Amino acid sequence: MGALPRRYDAGETVSDDPGIRGEIEFRKLNFAYNGQPVLQDINIRVPAGGTLALVGRVGSGKTTLARLLPRLIHAGTGELLIDGTPIEDIPFAVIRNAIGHVPQETFLFSDTIEENVVLGLADTEQEEIIHAVDTAQLTSDLEVLPDRIQTIVGERGVTLSGGQKQRTALSRAVIRHPKILILDDATASVDSRTEEALQAGIESAARERTTIVVAHRLSTVRFADRIVVLEEGRI
(Lines give C-alpha, C1' and ligand atoms only; values in the text may rest on other atoms or scores of the structure.)
Protein backbone atom coordinates (compact mmCIF):
# COMPACT_ATOMS: atom_id res chain seq x y z
CA MET A 1 0.00 0.00 0.00
CA GLY A 2 1.31 3.48 -0.88
CA ALA A 3 1.61 6.48 1.36
CA LEU A 4 -1.49 8.34 2.44
CA PRO A 5 -2.57 10.96 -0.12
CA ARG A 6 -0.82 14.31 0.32
CA ARG A 7 -2.85 17.54 0.26
CA TYR A 8 -1.27 20.43 -1.64
CA ASP A 9 -1.87 24.15 -1.34
CA ALA A 10 -2.24 26.51 -4.30
CA GLY A 11 1.10 27.72 -5.62
CA GLU A 12 3.13 25.07 -3.80
CA THR A 13 6.27 23.78 -5.52
CA VAL A 14 8.37 20.69 -5.11
CA SER A 15 10.87 22.63 -2.98
CA ASP A 16 8.10 23.06 -0.40
CA ASP A 17 7.62 19.28 -0.25
CA PRO A 18 10.83 17.48 0.75
CA GLY A 19 8.69 14.42 1.46
CA ILE A 20 8.20 13.45 -2.22
CA ARG A 21 9.72 9.99 -2.48
CA GLY A 22 8.89 8.98 -6.04
CA GLU A 23 6.66 5.93 -5.63
CA ILE A 24 4.61 5.42 -8.80
CA GLU A 25 1.52 3.32 -9.27
CA PHE A 26 -0.73 2.70 -12.27
CA ARG A 27 -4.09 1.18 -11.34
CA LYS A 28 -6.35 -0.24 -14.05
CA LEU A 29 -5.24 2.62 -16.27
CA ASN A 30 -6.56 3.04 -19.82
CA PHE A 31 -5.76 5.52 -22.57
CA ALA A 32 -7.29 5.97 -26.01
CA TYR A 33 -6.39 8.28 -28.89
CA ASN A 34 -9.25 9.36 -31.14
CA GLY A 35 -11.28 6.47 -29.79
CA GLN A 36 -8.54 3.93 -30.51
CA PRO A 37 -7.29 2.10 -27.36
CA VAL A 38 -3.56 2.65 -26.81
CA LEU A 39 -3.19 1.42 -23.21
CA GLN A 40 -5.52 -1.09 -21.57
CA ASP A 41 -5.77 -2.23 -17.96
CA ILE A 42 -2.26 -1.15 -16.91
CA ASN A 43 -1.37 -2.18 -13.35
CA ILE A 44 2.20 -1.41 -12.27
CA ARG A 45 3.77 -0.30 -9.00
CA VAL A 46 7.30 1.10 -8.85
CA PRO A 47 8.67 1.65 -5.33
CA ALA A 48 10.56 4.87 -4.60
CA GLY A 49 14.11 4.48 -5.90
CA GLY A 50 13.21 1.51 -8.11
CA THR A 51 13.90 1.12 -11.82
CA LEU A 52 11.22 -0.02 -14.28
CA ALA A 53 11.99 -0.85 -17.91
CA LEU A 54 9.29 -0.76 -20.57
CA VAL A 55 9.97 -2.84 -23.67
CA GLY A 56 7.91 -3.90 -26.65
CA ARG A 57 7.49 -3.42 -30.37
CA VAL A 58 6.97 -0.01 -31.98
CA GLY A 59 3.41 1.13 -31.28
CA SER A 60 2.96 -1.05 -28.20
CA GLY A 61 2.31 1.97 -25.94
CA LYS A 62 5.70 2.41 -24.21
CA THR A 63 6.16 6.11 -24.94
CA THR A 64 2.51 6.86 -24.25
CA LEU A 65 2.81 5.31 -20.79
CA ALA A 66 5.97 7.30 -20.05
CA ARG A 67 4.38 10.59 -21.20
CA LEU A 68 1.54 10.24 -18.69
CA LEU A 69 3.86 10.92 -15.72
CA PRO A 70 4.98 14.48 -16.59
CA ARG A 71 1.40 15.09 -17.73
CA LEU A 72 2.34 15.65 -21.35
CA ILE A 73 -0.88 13.75 -22.00
CA HIS A 74 -3.75 12.84 -19.68
CA ALA A 75 -4.95 9.34 -18.94
CA GLY A 76 -8.50 8.20 -19.51
CA THR A 77 -9.97 5.86 -16.92
CA GLY A 78 -8.13 4.32 -14.01
CA GLU A 79 -5.60 5.90 -11.67
CA LEU A 80 -2.03 7.16 -11.77
CA LEU A 81 -0.59 7.93 -8.33
CA ILE A 82 2.66 9.39 -7.01
CA ASP A 83 3.34 8.56 -3.37
CA GLY A 84 -0.29 7.45 -3.09
CA THR A 85 -1.70 10.76 -4.36
CA PRO A 86 -3.69 10.89 -7.64
CA ILE A 87 -1.55 12.78 -10.14
CA GLU A 88 -4.36 15.19 -11.01
CA ASP A 89 -4.42 16.32 -7.35
CA ILE A 90 -0.74 17.31 -7.44
CA PRO A 91 0.00 20.83 -8.73
CA PHE A 92 1.43 20.92 -12.23
CA ALA A 93 4.56 22.78 -11.05
CA VAL A 94 5.26 20.07 -8.46
CA ILE A 95 4.98 17.35 -11.11
CA ARG A 96 7.25 19.09 -13.60
CA ASN A 97 9.88 19.96 -10.98
CA ALA A 98 9.90 16.44 -9.55
CA ILE A 99 10.43 14.74 -12.92
CA GLY A 100 13.46 14.73 -15.21
CA HIS A 101 12.51 13.72 -18.75
CA VAL A 102 14.99 12.71 -21.49
CA PRO A 103 13.06 12.22 -24.75
CA GLN A 104 14.29 10.24 -27.74
CA GLU A 105 14.57 13.43 -29.80
CA THR A 106 16.57 15.99 -27.81
CA PHE A 107 16.06 19.70 -28.39
CA LEU A 108 19.12 21.90 -27.83
CA PHE A 109 19.28 25.67 -28.26
CA SER A 110 21.93 27.54 -30.22
CA ASP A 111 23.94 28.40 -27.13
CA THR A 112 26.79 26.97 -25.05
CA ILE A 113 26.62 23.41 -23.79
CA GLU A 114 26.60 24.78 -20.25
CA GLU A 115 23.56 26.97 -20.94
CA ASN A 116 21.79 23.99 -22.50
CA VAL A 117 22.48 21.99 -19.34
CA VAL A 118 21.34 24.59 -16.79
CA LEU A 119 18.49 25.84 -19.07
CA GLY A 120 16.95 28.55 -16.92
CA LEU A 121 18.16 27.42 -13.50
CA ALA A 122 19.26 30.45 -11.52
CA ASP A 123 22.47 30.63 -9.45
CA THR A 124 23.67 27.16 -10.37
CA GLU A 125 26.96 26.30 -8.69
CA GLN A 126 29.80 25.18 -10.95
CA GLU A 127 30.19 22.03 -8.84
CA GLU A 128 26.59 21.06 -9.65
CA ILE A 129 27.22 21.50 -13.37
CA ILE A 130 30.39 19.41 -13.20
CA HIS A 131 28.58 16.68 -11.26
CA ALA A 132 25.70 16.56 -13.76
CA VAL A 133 28.10 16.38 -16.72
CA ASP A 134 30.17 13.66 -15.01
CA THR A 135 27.06 11.64 -14.19
CA ALA A 136 25.97 11.74 -17.84
CA GLN A 137 29.46 10.59 -18.95
CA LEU A 138 29.89 13.76 -21.04
CA THR A 139 33.15 15.02 -19.52
CA SER A 140 35.52 13.17 -21.87
CA ASP A 141 33.66 14.53 -24.91
CA LEU A 142 34.01 18.09 -23.63
CA GLU A 143 37.79 17.70 -23.44
CA VAL A 144 38.08 17.50 -27.25
CA LEU A 145 35.65 20.34 -28.06
CA PRO A 146 37.20 23.74 -28.91
CA ASP A 147 35.79 25.59 -25.91
CA ARG A 148 34.84 22.59 -23.80
CA ILE A 149 31.60 23.26 -21.90
CA GLN A 150 31.48 26.81 -23.32
CA THR A 151 31.37 25.47 -26.89
CA ILE A 152 28.47 26.95 -28.85
CA VAL A 153 26.25 24.28 -30.38
CA GLY A 154 24.29 24.94 -33.54
CA GLU A 155 20.51 25.13 -33.71
CA ARG A 156 19.04 21.91 -32.34
CA GLY A 157 22.59 20.86 -31.40
CA VAL A 158 23.60 20.17 -35.01
CA THR A 159 27.34 20.42 -34.20
CA LEU A 160 27.13 17.56 -31.67
CA SER A 161 26.83 13.84 -32.32
CA GLY A 162 23.66 11.98 -31.39
CA GLY A 163 25.31 10.57 -28.28
CA GLN A 164 26.63 13.97 -27.19
CA LYS A 165 23.18 15.51 -27.58
CA GLN A 166 21.57 12.73 -25.53
CA ARG A 167 24.19 13.04 -22.78
CA THR A 168 23.67 16.81 -22.71
CA ALA A 169 19.94 16.18 -22.25
CA LEU A 170 20.71 13.66 -19.49
CA SER A 171 22.93 16.27 -17.77
CA ARG A 172 20.02 18.72 -18.01
CA ALA A 173 17.72 16.27 -16.29
CA VAL A 174 20.21 15.26 -13.58
CA ILE A 175 21.14 18.80 -12.54
CA ARG A 176 17.54 19.37 -11.44
CA HIS A 177 17.83 16.56 -8.86
CA PRO A 178 14.54 14.95 -9.91
CA LYS A 179 12.87 12.36 -7.72
CA ILE A 180 11.68 10.61 -10.89
CA LEU A 181 13.73 10.17 -14.07
CA ILE A 182 12.12 9.18 -17.37
CA LEU A 183 14.36 7.99 -20.22
CA ASP A 184 12.36 7.55 -23.41
CA ASP A 185 14.48 5.36 -25.69
CA ALA A 186 17.47 7.60 -25.04
CA THR A 187 19.90 5.25 -26.83
CA ALA A 188 17.82 4.72 -29.96
CA SER A 189 19.69 7.19 -32.19
CA VAL A 190 23.27 6.24 -31.27
CA ASP A 191 25.67 3.52 -32.39
CA SER A 192 26.65 0.60 -30.17
CA ARG A 193 29.96 2.17 -29.10
CA THR A 194 28.31 5.43 -28.08
CA GLU A 195 25.55 3.47 -26.39
CA GLU A 196 28.04 2.01 -23.92
CA ALA A 197 29.09 5.45 -22.68
CA LEU A 198 25.51 6.68 -22.60
CA GLN A 199 24.41 3.54 -20.78
CA ALA A 200 27.00 4.18 -18.07
CA GLY A 201 25.54 7.66 -17.65
CA ILE A 202 22.01 6.31 -17.46
CA GLU A 203 22.90 3.76 -14.78
CA SER A 204 24.71 6.41 -12.76
CA ALA A 205 21.80 8.86 -13.06
CA ALA A 206 19.30 6.18 -12.03
CA ARG A 207 20.86 5.66 -8.62
CA GLU A 208 18.84 6.95 -5.66
CA ARG A 209 15.84 8.00 -7.78
CA THR A 210 12.83 6.30 -9.32
CA THR A 211 13.59 5.61 -12.98
CA ILE A 212 11.39 4.65 -15.93
CA VAL A 213 13.36 3.42 -18.95
CA VAL A 214 11.69 3.00 -22.34
CA ALA A 215 13.89 0.88 -24.60
CA HIS A 216 14.06 -1.42 -27.60
CA ARG A 217 17.54 -2.76 -26.87
CA LEU A 218 17.82 -5.34 -24.09
CA SER A 219 21.30 -4.05 -23.19
CA THR A 220 19.69 -0.77 -22.13
CA VAL A 221 17.47 -2.42 -19.51
CA ARG A 222 19.91 -4.90 -17.99
CA PHE A 223 20.14 -2.88 -14.75
CA ALA A 224 16.37 -2.56 -14.22
CA ASP A 225 14.69 -4.02 -11.12
CA ARG A 226 11.67 -4.99 -13.20
CA ILE A 227 10.93 -5.30 -16.91
CA VAL A 228 7.41 -4.88 -18.28
CA VAL A 229 6.68 -6.05 -21.82
CA LEU A 230 3.87 -4.21 -23.63
CA GLU A 231 2.02 -5.72 -26.55
CA GLU A 232 -0.80 -3.80 -28.24
CA GLY A 233 -1.20 -1.64 -25.16
CA ARG A 234 -1.42 -4.48 -22.67
CA ILE A 235 1.10 -5.93 -20.22
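Predicted model: local features only at pLDDT ≥ 70, side-chain atom pairs only at ≥ 80, totals over all residues.

Colleague: To begin, is arginine 71 buried or exposed?

Modeller: Residues are numbered from 1 along each chain as its sequence is written, and side-chain values use heavy atoms, with hydrogens and water left out. Arginine 71 sits in the loop between helix H1 (62–68) and S4. Buried means under 20% relative accessible area, exposed over 50% and partly exposed in between, with a 1.4 Å probe and protein chains only; at 17% relative accessibility, arginine 71 counts as buried.

Colleague: What is the phi of arginine 71 near?

Modeller: Most residues other than glycine have a negative phi. Arginine 71 has a positive value although it is a residue other than glycine, with phi near 60°.

Colleague: And asparagine 34, is that one buried or exposed?

Modeller: Asparagine 34 also has a positive phi, about 55°, although it is not a glycine. Its place is the loop between strand S1 (24–33) and S2. With a relative accessibility of 70%, asparagine 34 counts as exposed.

Colleague: How many helices and strands does the protein chain have?

Modeller: Helices (H or I, at least four residues) and strands (E, at least two) are DSSP runs, numbered from the N terminus. By that count the protein chain has seven helices and nine strands.

Colleague: What pLDDT does the protein chain average?

Modeller: pLDDT is the predictor's confidence in each residue, from 0 to 100. In the protein chain, 86% of the residues score at least 70. Over residues 1–5 the pLDDT is below 50, and it stays under 50 over residues 7–17 too. The average for the protein chain is 83.

Colleague: Why can H6 be called largely enclosed by the rest of the structure?

Modeller: Helix H6 covers residues 162–174 and reaches 18 Å from its first C-alpha to its last. That is close to the 18 Å expected at 1.5 Å a residue, where the expected span is 1.5 Å times one less than the number of residues. Among the buried residues of H6 are Gly163, Arg167, Leu170 and Val174. H6 is largely enclosed because the number of its 13 residues that are buried is eleven.

Colleague: Which residues is leucine 142 in contact with, leaving aside its neighbours within four places in sequence?

Modeller: Contact means heavy atoms within 4.5 Å. With those neighbours left aside, the partners of leucine 142 are Ile113, Val133, Arg148 and Ile149.

Colleague: Is threonine 51 buried or exposed?

Modeller: Threonine 51 is placed in strand S3. Leaving aside neighbours within four places in sequence, its contacts include Ala206, Val213, Phe223 and Arg226. With a relative accessible area of 7%, threonine 51 is buried.

Colleague: What distance separates the C-alpha atoms of glycine 100 and threonine 211?

Modeller: Glycine 100 is part of strand S6 (residues 99–102) and counts as buried at 5% relative accessibility. Not counting residues up to four places away in sequence, glycine 100 touches Ala173, Pro178, Ile180, Leu181 and Ile182. Glycine 100 and threonine 211 are 111 residues apart along the chain, and the separation of their C-alpha atoms is 9.4 Å.

Colleague: Which are the edge strands of the open sheet of four strands?

Modeller: This open sheet has the order S2-S1-S4-S5, with antiparallel pairing, and two strands pair if DSSP finds at least two bridges between them. Strand S4 (residues 79–82) is joined to S5 by two bridges, and isoleucine 82 stands opposite threonine 85 in S5. An edge strand pairs on one side only, and here those are strand S2 (36–46) and strand S5 (85–86).
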